[in-house]
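This report covers strand pairing, a helix pair and a chain contact. Please keep the sequence and model in view.

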Amino acid sequence: MDKSTFNKTFNAAAKWPWLVLTPVLVFIAIAIFSPWITPYDPVVQDYSVTLEGPSAAHWLGTDYLGRDMLSRLISGVRVSLFAMSIVLIAALFIGVIIGSFAGYVGGKIELVLISIIDIVLSLPSLIFALAIIGVIGPGYWSMIMALTMAWWANYARMSRAVVISELHQPYIEAARVMGSGHLHIFFRHILPHVLSLVIVYASADAGALVLAIATLSFLGLGVEPPTPEWGQMLVDGMSYLEEYPRLVILPGIALTLVVVSFNLLGEQFALQKVPRALRGYKLKRKKRQRQLEEDIILDGKVDQ
Amino acid sequence: MINTNRRVFIGGTTALSLAALFPRGLIAAENGKLTIAISQETGDLDLLQNVSSLSAYSVVFDALIHYASDGSLVPALAESWTEASDGKSISFKLRKGVTFSDGEPFNGETAVWNLKRWMGQPDFSWIGISDAMKNITIDGTHEITIHLKQPVPAGLLEMTIVRPVRFLSPKAVDASGKQIAPIGTGPWVVTSYDNTKTSLVRNENYWGEKPDFNELELKVVPDELARSNGLRSGDLDVIGGEWVAPLSPRRARSMQKNDDVTVISAPGTASILLAFSPKSSMVSEQAVREAISLSLDRNAIVKILFEGFADATANVFPGNIPAGGKTRTVTPRDVNAAKGKMSSAGWSESGGSWSKGGKTLEIELLVSEESLPGSRRLAEMIQGQLAETGIKVAISSVDNATIHDRRPSFEYDMTFMVTYGAPYDPHGTLANLFLSDVDSGPDGKIYAHTDLDPILRTALETGGAARDAKMQEVYDWLDNNAAVCPIVAPQRLWAYSSNVSKFVLSATDYDMPTNGVKLGS
Amino acid sequence: MSKLILRRIILAIGLIIVASALTFSIIAAAPGNVAALIAERKAGPSASAELVQQIAEELGLNDPLPMRYGRWFSDAIRGDLGDSLRTGKSIDQEFSERIPITAILLGGGGIIAFVMSLGIGLLGAVSNGRTVDHLLRAFALIGASTPNFFVAALLVIVFSVSLGWLPAFGGGSFVSWIMPCVTIALFPGSVLSRVVRVNLQEIMSRPFATTGFAKGYSRSSVLIYEALPNIAVPYLTTFGAQFTLMIIGSIVVETVFALNGIGAFFIEAIRFRDFISMQATLLLFIVFFVFVNLFVDIVCLFIDPRIRRETHG
């Protein structure tokens with residue numbers, strides 16, 4: 001095998017899978033500390049320095065209102081990750097509750113819930129989110145709500161699968177025989193399994209969510225001014241594309257770096273950290289239409 | 001899956017029937033084609049529907065009177081007109097020998113038939129002269145009189161607007177009276193239209209000065225950058241115009257460096273205002289409104305957002321609007337004076353915001369990029385400027401439908417409004433967007449106050465020499481109460497290629513610039 | 001077999017009905033008065049309240065929701081999707097003008113994604129574990145992480161502004177489609193290249209590949225003639241999913257490159273809250289998704305006997 005440093009890095013990554021966490025942790029740190037590390041207030045306009053190139057005072061230059069690009073990019077990390085976390089937590093919360101409930105109670109209620117989940121999943125998440133924004137109108141919280149409503153179904157479907165497989169485990173039977181109540185069994189034995197799998201899957205989804213948020217802002221349906229958001233910065237820069245491509249390239253690179261970091265993490269999870277059952281899951285998730293008719297797939301998968 | 005054939009078929013037959021409607025001999029010898037960009041397809045140019053794009057009507061249809069760029073009225077299908085001394089009737093002497101492009105004669109009968117299609121109809125009650133119309137009489141083959149219930153001082157001006165006032169061939173309607181083809185008396189005749197272009201040929205029987213070239217193509221180019229590229233590459237001859245194919249100030253500035261392209265700018269006839277909600281508790285105090293106006297850096301807005309192609313203004317109407325009022329000087333930005341206004345009105349500043357009696361000042365600025373392109377950036381800039389005075393602004397950017405829901409119910413503190421511009425002003429904006437007891441529809445109002453109503457009504461009802469003074473009283477009231485905050489009047493922006501040897505701006509941006517244009521270098 | 005296919009088709013139609021009912025009721029619940037918007041277009045800025053009421057009656061907006069859905073859906077089947085609130089044009093006409101544009105975009109993007117994913121995936125498998133493989137993997141990761149509006153902007157900066165090779169916007173000529181199609185293909189192409197690479201790797205570790213090497217075939221020929229046909233099912237399934245996801249790409253790409261396709265129509269409908277257009281476009285999307293998936297399923301049934309057996313049992 002070629003022993004270039006490039007490969008060494010790759011092999012290192014293979015040996016210590018937790019290394020892929022580093023870029024994500026760096027971005028999370030930037031997000032947390034951004035108010036203290038931005039050199040300028042990211043929203044203050046200074047008309048005397050509009051559209052200046054990089055300099056000692058402004059490392060990445062200024063935008064058309066004389067705002068410091070570096071400060072805006074740094075604050076953008078916080079905006080993106082904050083919105084992403086809210087959606088992820090809300091979608092997980094709703095998804096786990098509905099999915100586990102469906103799996104636990106079974107019967108007609110389960111059938112109704114799984115039908116709703118499947119219908120939501122029959123549309124790509126972003127299309128569904130756009131439709132909801134079309135109904136409730138644009139804005140920051142509209143965007144959060146729309147994305148949550150589009151994202152929960154994935155987690156619900158997964159939670160239900162885990163619940164069903166766990167219910168068939170002998171130790172649950174044992175607990176039941178020993179007289180444990182439903183709630184006790186659920187919170188004590190089943191929920192931890194659900195969470196451990198769903199959270200791993202969700203972290204792999206974070207990159208897609210950051211992209212979705214930026215896309216909605218790019219389309220003018222997300223964050224309000226003056227909040228520095230990368231998708232919005234990029235679309236604002238588009239009219240200066242010919243003379244000042246920097247205004248487009250910088251937020252684009254920032255956005256791509258964050259998404260790459262999360263996707264790297266997601267890929268690592270999918271290939272190495274995640275139990276085999278869930279990997280099979282990921283592929284089969286694509287065959288959504290078929291799953292509508294074949295509930296058995298879920299059992300088949302867990303039995304692998 | 002979707003039945004499209006029916007529609008395609010109808011589209012096809014429309015084009016065919018249009019071609020059949022004018023005599024073959026009309027297509028004269030080849031002597032040049034002018035291609036003008038339009039941002040959206042012209043549509044069927046139905047004079048009674050609010051659908052087709054406004055700018056294309058004037059090349060096909062004429063009105064009795066036309067609006068000239070200096071705000072004066074010039075004869076068109078009417079050679080002369082007389083207003084009765086009591087203002088309750090207007091007589092028109094129609095131009096003789098005019099025919100529609102399908103050969104139908106234009107006379108008193110066809111004129112009255114046209115006028116009765118809209119005058120007195122409820123859909124057109126927003127036009128004063130339509131609302132006040134009592135009846136119309138034919139006094140001779142080429143003489144008509146419109147009789148009114150009460151005088152309409154702006155009535156003649158209203159006869160110059162785009163639609164529905166223009167004249168259609170009586171043969172161009174179906175049994176139910178719906179327009180089936182755009183047949184007018186204007187300099188150009190539509191030969192075909194679809195969603196990519198509208199093609200026209202010169203009307204060889206046109207009553208006025210015939211165009212210098214025999215073909216006109218209105219090419220649909222929705223993207224602004226694509227239009228400027230088209231102009232540079234020679235695919236397009238003319239681009240620009242607020243209602244035709246807007247040219248952004250930024251693009252205009254960068255195109256000035258190009259030798260093959262000429263950029264033309266002229267003072268605009270509409271202004272952008274910051275409008276205050278009469279129901280808002282945040283901006284109910286005059287001191288707050290004055291402080292907002294003082295905090296604005298209008299010159300920076302002109303320089304940054306309009307690249308210099310706008311004029312900072314303190315007037316509701318630009319100076320080229322007739323009876324638009326005396327020009328006021330624009331007060332330069334003065335943050336300290338603005339803070340002074342706030343303090344003397346009892347507001348106190350702490351931690352970068354103002355409060356009074358436990359109420360913290362936070363103003364909602366309602367914008368919609370769809371209803372006013374560029375308004376989000378303008379809002380962002382104003383938000384930054386007001387922040388320096390300590391006035392907090394929260395921007396709500398909403399969609400087109402929501403802004404039209406929230407404006408009529410005054411669910412905002414501030415919003416941007418744009419005056420109608422020539423030839424609709426000043427009466428159009430004043431009558432529709434300022435009277436408290438008039439239904440302004442989904443556009444809402446710029447400002448309304450019961451004290452203003454009588455002053456404004458008097459001004460709108462006053463004709464003749466006293467009109468200017470009465471109008472000035474309205475502007476003075478608005479100014480003394482800081483009722484509106486004018487920001488800028490964007491300039492008219494056009495650009496043309498070297499294929500055009502002479503370019504003449506049209507009277508308003510609602511018209512296509514074709515009259516007087518010459519091709520070839 | 002045909003019974004199975006028939007069952008799939010019936011289920012697909014059922015899904016279309018249920019999913020469109022869901023989107024219909026969500027949109028019908030929206031605030032904002034459709035009748036007022038229509039009145040505004042008919043009568044200009046000052047529409048009266050009576051006119052609004054009259055239009056609401058005519059459109060049957062006061063009827064119960066299931067009735068409205070039934071009427072809308074049966075009209076839609078007969079090809080009448082109503083008139084756009086924004087432009088006043090019939091949606092059939094809008095669709096007939098716009099579908100070809102989106103079809104070219106998706107078709108071109110699909111071809112590029114297909115070629116790109118097989119090329120990168122195979123090249124990666126051939127150069128198994130070497131620098132090229134790692135570089136391609138990194139490329140695929142970045143390709144699947146870059147927002148398509150940024151890809152579009154970068155292409156414009158490089159090929160239009162700097163080099164002047166390609167027209168930035170519009171035109172309608174063949175070259176004007178290059179950048180939009182490449183932009184839309186990058187994401188699915190990157191994801192699919194990973195599917196090819198990962199599946200090939202797994203198959204190459206199976207006994208028959210080793211047998212192939214033993215017979216003296218080169219790694220490349222075993223890959224192409226033996227392994228490649230074996231990944232057809234996972235590849236096609238993911239391709240189908242990615243192809244439907246390209247609709248999202250088309251919304252962004254059509255906005256950036258000023259193409260008047262279905263994606264742009266949908267986003268304009270959202271911005272103007274043109275509910276009638278939104279409903280019609282969502283129905284079109286649902287039909288598209290369901291049929292692409294149905295098609296992929298049926299193709300997979302034919303090429304992979306294992307699935308046939310599995311689903312029978």
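## Strand pairing in chain B

Two strands pair if DSSP finds at least two bridges between them. Helices (H or I, at least four residues) and strands (E, at least two) are DSSP runs, numbered from the N terminus. The model is predicted: local features need pLDDT of at least 70, side-chain atom pairs count only at pLDDT 80 or more, and totals for chains, interfaces and linings use all residues. Residues are numbered from 1 along each chain as its sequence is written, while chains are lettered from A and ligands numbered from 1 in the order in which they are written.

Strand β9 (residues 197-202) of chain B pairs with β10 (residues 215-220) of chain B. They run antiparallel, over five bridges. T198(B) has L218(B) in β10(B) as its bridge partner. β9(B) is also joined to β8 (residues 188-193) of chain B, antiparallel, by five bridges. A hairpin of three residues links β8(B) to β9(B).

## A helix pair

Helices α8 (residues 286-295) and α10 (residues 335-344) of chain B pack at about 175°, axes 8 Å apart. Axes are lines fitted to C-alpha atoms, for helices over the stretch in contact, and angles run from 0 to 180 degrees between N-to-C directions. α8(B) and α10(B) are therefore roughly antiparallel (over 145 degrees).

## Contact between chains

Residues are in contact if their C-beta atoms, placed from the backbone, lie within 7 Å. Chain B contributes 17 residues and chain A 15 residues. On the side of chain B that touches chain A, α11(B) gives the most, with six residues.

Technical notes:
Contact = placed C-beta atoms within 7 Å. Parallel < 35°, antiparallel > 145°, perpendicular 65-115°, else oblique.
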